[in-house]
Amino acid sequence: MRLAIILGICTLVLLAGCAFRTGTSIQEVNVHTGTKGITLTFLDQGATRATYADSATAVTYELANEGAHDVEGGVLSIGVEDDFLQLEGDRVRQFTIDGKSLGFPEGDRQIQTVQLRTKSLPPQTETVTTTVAVNVCYPYLTEASLTPCVDTDVFGRVATKPCRASAISLGSQGAPVAVTRIEPSYTQMSDPNLVRAEFIIHVRNAGGGQLFEVDKIFEACTPQALGRDSWNVATIRAYLGDQQLDCTPKKAGLAGLDGHLVLAKTEDFVRCGLPGGLHKSLGTFTGTMRVEVEYGYTFTTTRQLQIRRLV
Amino acid sequence: MAQPQSPAQFAPANLLFYLAIFIHTLDAIAGRLTTQGVTIPGGTAFFLVAYAALAVYAAFGVFGTGTTAEKFKALPICLAISAGAYLLPIFANSIGANWVSGGGVLTSATLVLLFPLWVIYLGFFESAKLGPKTRWVFGAYIFIWVLWVLFFTAIPKFQAVTAPIGEGTTAQVSPGDVFQNLVAVTVTNTQRLFGVARNETQEQINFATGDAFTARVDRNAKAQLGVQLDSLQVTQPYFTSNDPVGVFTKLTAQTLDDPLKITVKCSSKDAPGAAPSYSPLGEREVFAQEVIDIDCSFPAGTFTKDLAAIKIDADFTMQTFAYLKTYFMDRTRLIELRNAQIDPFQQYGITDRNPVTTYTNGPVSLAMGFSAPPVGIDTNVDELTGTLGVSLRNDWQGQLKHISKLHLLVPKGFTITEITGIPATFSKANCVDLAPLSDWCDDSIANLYTVIPTANPVAAQQSITLRVRLAASRSDYEAILGTTPISTRYFKAAADYTYALSAERVIPIQRTPTTTTTTTTQVTVIQGEPTITPGATAATVTFTMDVASPTEIKLCQGSTMTCKDFKLYYDPNVTTTHTHNLTQLQPNTLYTFEIAGISTACSSNNNRCKQDKTYNFITQAE
């Protein structure tokens, strides 16, 4: 009898642990949303906005990856006004930070501190305001997935189709650069059995920073020039099913299928076509398409610090 | 149907219309835009007053008809229109930052489009109050206005008016973003509006002579540094030639670092050889803040004229410190960014786009000017040259007597090769040479130079300018550019000088006999009333004293004895009956006088036994 009571209590305890979730299912987290990549926020803790001359102070910031791509080989450079502040430690630092994923939907966050020492104030001066700037440069990748309607019936001879080919507008993909719209077009090729499938892919810089060539991460955060036509550019790759599309325009002097974006006015588009075309026998179907935009991204966050004379 | 009105009835509205066009045009041309327009010092305050005056005139002179209450009733609407007209260009400046980035033409166009609220209101809603010619002018104005709109719509840059997409939004231009941007801009500009209105006139100084460098006094400074000399006070209400002549004043001195060395001197040009007794004597050092009393006294009989000009000079050593922030970038990178239409300031989070010199407060302002930032460093050339302009301006009413030294700190990498403008010698120095005040100077980030200028004394509101030639060689570029995409560097200057303040007062000295034959020792009192016989320019006063003594009449123009320009009439005769001839009077003028007997019994009052009563008379008309 006593054993039965103990078993009963244990059963009740176990049952109590079960939540009644009738009518609900496990929520799927979409990490490919939002227009943020790496963010840097100065924290008030540990960093007084006003400090005194000839004293040690610190500026603390949170580096977060709020996008959907892991960053490896990111660089940040810390700029201080040497006349008022002495920075202790490296001015140029590398970082690696994971992005959002299904297993880690918040993305990685790192708290970092810059140790500073305030210098003496100039004569007859009571306070000065100085600026601490952190330049962040990192490689990033935007990945957009969609299911366009692939239609080889270019003359509209089939009355009933499983889908209709039309332009697709997209929101954001968990990156500062967003694929915003894809416009498919299907036209007859010279071979009567083949259809030319082309997609105009629109891309927009939706973050607050600037794009640059992905292989110049260190240069972007240091003083040197990046080279002609290195700003506002990105490489784009598009796939229909498993086959990579041929995108134009291309970067000058480069062959291959990758396209070259120049987002001078924050947006640009490329035209991507399926090499060889589609056979008409494929009919009309819903395909899977993947677009990748690869770029370097940079932004700067500043913080003002007031230095007061210690009377 | 509206009755035709006579032109006379149109006058107030017409005047308002043309005044509005004038102010709007002035606003558009002179501009209150900080980035594109031509900033005029005090412009914010001027336009604030102008638009307020426009509203008041509209309410009381044009729209408010009949009673005063009705006029006041019209005032809020008029003020609202003026407020809109005043604020719109300020908001347009930031909201339309992308619109106007094309340059001055678009800036003016944006202003013309956005803010002539008064003109629009009068033309569209109150046209009945305007005269026929004014209505025609308005039609022409609207025609030009439409042309501007057409011009705008033909410019792709203007069409691409989108709010920047912030973090966390989708890749669409959402109205929410635009609204959010507008709210943020509104808050920022309201703060800026009040900040500018309060500080602009006091803090911005444009140098009228020499280089037009702009400088701003340290806005964080609370202490009034330097020396202030109050006006001179006299030790007596009036002096006779028998009196010692004394003045006194107060000197307030304040410093934060170096002690101020103050030398006080008292003199009179009317008695060049005189040796007044004064304090403090010699050089006096002031640390922090101190108030010093200054006294100066000339012995009796020093002055032989009717007027004595007494002057107190306070010479003090002072230091003014100034710094100018600027930004450097690799020139190739700068060109790359501009070709890519990336604003380097925006990209690197720099809000202070056009830094001006900040100088410590005091009698002399110190301003510097260098190339417009960001300054591109061309790493492909062997040597980079530039010119730093340094101006010292005498802001107070004293004299900048002597500039003993000018310490110049240029960013590490730059060297001074030549100084022109005024004769000066310079030499490289080390921060340790500035001891004990060298801790603000750092040899590792700046090159220190000591400049000895040979300048004449600088009068009030005048300035002198040095042109400092700088050079940097290829090996120095790294030091200038630093390790970040844009480097912030400072030019600093500290001027050591002697400044002279002076205060002068002209004191009337009444002539009295140096000696009297008989000295009365009793208190003298007038007997009865004096007999007054006024003429046009003179009067005779006869009276009797109870004791034989000399007498004196003090005469003031007006009905009281509080005048400063009084006249004294002295009768040295030791008698009881006196007759004074009061001369040099104005016709048909009221005068008041008092009588005093001279007696040693009244020694506490300079031997004057003043009577309780005063008398007055009016001179005759000519």
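## Where two chains meet, and what lies around it

In this predicted model, 44 residues of chain B are in contact with 44 residues of chain A, where contact means that the C-beta atoms of two residues, placed from the backbone, lie within 7 Å. On the chain B side, the elements that give two or more residues are strand 11 (307-330), helix 9 (331-339) and strand 21 (487-510). Helices here are DSSP runs of H or I with at least four residues, strands are E runs of at least two, and both are numbered from the N terminus. Sorted by class, that side of chain B has 19 nonpolar, 14 polar and eleven charged residues. Nonpolar covers Ala, Val, Leu, Ile, Met, Phe, Trp, Tyr, Cys and Pro, charged covers Asp, Glu, Lys and Arg, and the others, Gly among them, count as polar.

A word on conventions: residues are numbered from 1 along each chain as its sequence is written, while chains are lettered from A and ligands numbered from 1 in the order in which they are written. Local features need pLDDT of at least 70 and side-chain atom pairs count only at pLDDT 80 or more, but totals for chains, interfaces and linings use all residues.

Let us stay with helix 9 of chain B. Its buried residues are B:Arg333, B:Leu334, B:Glu336 and B:Leu337; buried means 20 or more other C-beta atoms within 10 Å of a residue's own, exposed means 12 or fewer, and partly exposed lies in between, with C-beta atoms placed from the backbone.

Leaving aside residues up to four places away in sequence, B:Leu334 touches B:Met329, B:Pro344, B:Pro374 and B:Gly376. The C-alpha atoms of B:Leu334 and B:Val375 are separated by 8.9 Å, although the two residues are 41 apart along the chain. Just after the helix, B:Gln341 takes a positive phi of about 55°.

Strand 14 (residues 233-240) and strand 17 of chain A pair in the antiparallel sense over four bridges, pairing being at least two DSSP bridges between strands. In this pair, A:Ala234 stands opposite A:Leu261. Strand 17 (residues 259-262) has A:Gly259 and A:Leu261 on a covered face, and A:His260 and A:Val262 on an uncovered one. In a regular strand the side chains alternate between the two faces of the sheet.
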